[in-house]
Amino acid sequence: MAEFDLVIRNADVATERDRFACDIGVQDGKIAALESGLSDGEREIDVEGMLVMPGGVDSHCHVEQISSNGVWTADDWFTATRSAACGGTTTIIPFACQHRGDSLREVVKEYHEMATPKAVIDYAFHLIVSDPTDQVLGQELPALIKDGYTSFKIYLTYDALMLTDRQFLDVLAVARSEGAMVMVHAENNDMIAWMAERLLRAGLREPKFHAVARPMLVEREATHRSIALAELVDVPILIVHVSGGEAIEQIRWAQERGLNVYGETCPQYLFLTEDDLDKPGLEGAKHMCSPPPRDKANQEVVWKALEDGLFEVFSSDHAPYRFDDPEGKFKAGRDAHFKQIANGVPGLEVRLPLLFSEGVGKGRISLQEFVALTATNAARLYGLHPRKGDVAIGSDADITIWDPDKQVTIRQSILHDAMDYTPYDGMEVTGWPVTTFSRGNIVWDNNEFLGKAGQGDFLPCDTPPALSAKRQPVTAFDPVTGELS
Ligand code: DUC
Ligand code: ZN
Ligand code: ZN
């Protein structure tokens, strides 16, 4: 009888730490052996000439979520996880989004009901907290954290979701006392609303004015404010979807002061610019997301920061709204102004190939940095490592086989989400995931999707390790414990 369920022979393995040649033995969905000359597997594949990496962990994507202005994402749990798997990603961490008045516990239950029958790959949840009532802060969040929902996102903009600074402090305090990571959407709501009102009053309605209403300083201000609030509470935070230089300066400033401030960036800030929002007709809407893509100079600063190690994670922020669909971007009508157009771009499937091609292929980041940015760091940050994000004995056999030389022109027709466009249409990349294993099961092979709805499991997350960092109190009074030292 074969010793392993699966043996991957002649693997050239890249992890966040190193690169080594071996065979990979998989048993019961886990990596059981990493050495050359392994004995037989029930199933064997030879991957000579390919690269072998941990499957990607996409820690920021929106799946079967309704936006603050009432538009559902095009992808459900099946199409989103299928698209992820075909792009080499084996774990996603979307959001369970609380709208005001909702019980968080109920929200989580509803998201599970959507995900369980449809998910193809494994998943965890971040919670979006938009209504931090006493019940939510005192009972629901502590109980949910214990059940493995150990990260939440808060918004500083969008009237329907945003928290006041005071509410934000309350959420940060719970994160510290109960052990959770807070992710922040950092944009100043009043600045945006004020600018938008004046733009619309002046008759400036096209998609490109979305970026004018949200200039870089809007993000810089909210990033700095978030850092200060987290410093007061003495708890780590992660600033999501960082778009350009001024926000990066704030994060660098915090990191140089020794604060536990993490940053995330996304493909749209490395591969799109504000000029894309100025495409003819309504085409610009295909590139609208928040914060918006910036100019070329900012794009270069984001690349530099990525190379310098400022960012912890590279996520897609997949927020898919179809272009030519009355339920999509233009649910408010084809004559909608920029405030009424659904905000977000897809990116689950192309996240890894884009960064591999432009980052590793062009020598901007190493292969190890690529693995860290796209898989290992997110798994660690959100309490899923070493089960996810690694090729190591005992880890889940979530493995992506890469053809580093495969040349692909990105077109919507080759992708597997439910979208009708990709903002990266026509881009040429070198390097593509050719086979993806999820816990040892093949879900993508040679241009064929082989996964099954419902085979993905929910992953409860451990306490994020960043929460055990040494305390750095700002005053002798600890506002979380109430103690005076
Ligand atoms: N924020 C996100 O995180 N995703 C899509 C749009 C947005 O504003
Ligand atoms: Zn956001
Ligand atoms: Zn998002």
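Asn-447 counts as exposed, at 54% relative accessibility (exposed is over 50% relative accessible area, buried is under 20% and partly exposed is in between, with a 1.4 Å probe and protein chains only). Asn-447 sits in the loop between strand 17 (441-445) and strand 18 (448-449). Helices (H or I, at least four residues) and strands (E, at least two) are DSSP runs, numbered from the N terminus. Although Asn-447 is not a glycine, its phi is positive, about 70°.

Leu-450 belongs to the segment after strand 18. At 35% relative accessibility, Leu-450 is partly exposed. The C-alpha atom of Leu-450 is 9.5 Å from that of Thr-436, a residue 14 positions away along the chain.

## Basis of the description

This is a predicted model, in which local features need pLDDT of at least 70 and side-chain atom pairs count only at pLDDT 80 or more, while totals for chains, interfaces and linings use all residues. Residues are numbered from 1 along each chain as its sequence is written, chains are lettered from A and ligands numbered from 1 in the order in which they are written, and side-chain values use heavy atoms, with hydrogens and water left out.

## The zinc ion of ligand 2

Three residues supply the protein donors of the zinc ion (ligand 2): Lys-153 through NZ, His-185 through ND1 and His-241 through NE2, at 2.1 to 2.2 Å. Donors are N, O and S atoms within 2.8 Å of the metal (3.2 Å for Na, K and Ca); water is not among the atoms, so sites may look incomplete. Along the sequence, these donor residues have the spacing K-x31-H-x55-H. Lys-153 lies in strand 10 (residues 151-155) and His-241 in the loop between strand 12 (237-239) and helix 8 (245-256), so the pair ties together parts that are 88 residues apart in sequence.

Lys-153 is buried, with a relative accessible area of 1%. His-241 is buried too, and its relative accessible area is 1%. The backbone of His-241 has a positive phi, near 30°, in a residue other than glycine.

## The zinc ion of ligand 3

The zinc ion (ligand 3) is coordinated by His-60 (NE2), His-62 (NE2) and Asp-317 (OD), at 1.9 to 2.0 Å. Its donors follow the spacing H-x1-H-x254-D along the chain. His-62 is in the loop between strand 6 (56-61) and helix 1 (77-86), and Asp-317 is in the loop between strand 14 (313-314) and helix 11 (351-360), so this pair ties together parts that are 255 residues apart in sequence. Both His-62 and Asp-317 are buried. The distance between the zinc ion (ligand 3) and the zinc ion (ligand 2) is 4.1 Å.

Which residues are around ligand 1? They are His-60, His-62, Lys-153, Tyr-158, His-185, His-241, Ser-290, Asp-317, Ala-319 and Asn-343 (each has a heavy atom within 4 Å of the ligand). Among them, Lys-153 has a side-chain N or O atom 2.5 Å from an oxygen atom of ligand 1. For Tyr-158, an N or O atom of the side chain is 2.4 Å from an oxygen atom of the ligand. His-185 has a polar side-chain atom 3.4 Å from a nitrogen atom of ligand 1.

Of the 240 Å² of accessible area that ligand 1 has on its own, the protein covers 95% (areas come from the Shrake-Rupley method with a 1.4 Å probe). The space taken by ligand 1 is the largest pocket. On a 1 Å grid over the protein atoms alone, a pocket is an open set of points with protein on both sides within 12 Å along at least five of seven lines; a molecule sits in a pocket if more than half of its atoms lie within 2 Å of its grid points.

## Cis peptide bonds and a buried loop residue

The peptide bond from Ser-290 to Pro-291 is cis, with omega near -10°. Pro-291 lies in the loop between helix 9 (267-271) and helix 10 (296-308). Another cis bond runs from His-385 to Pro-386, with omega near 10°. Pro-386 is in the loop between helix 12 (367-381) and strand 15 (399-409).

Thr-15 is in the loop between strand 1 (4-14) and strand 2 (19-27). Thr-15 is buried, with a relative accessible area of 0%. Its side chain reaches the backbone nitrogen of Arg-17 at 3.1 Å. A polar contact is a pair of N or O atoms within 3.5 Å; within protein, one must be able to donate a hydrogen and the other to accept it, and residues adjacent in sequence count only if both atoms are side-chain atoms.

Conventions: On a 1 Å grid over the protein atoms alone, a cavity is a set of points where a 1.4 Å probe fits but cannot get out, and a pocket is an open set with protein on both sides within 12 Å along at least five of seven lines; lining residues have an atom within 4 Å of a point.
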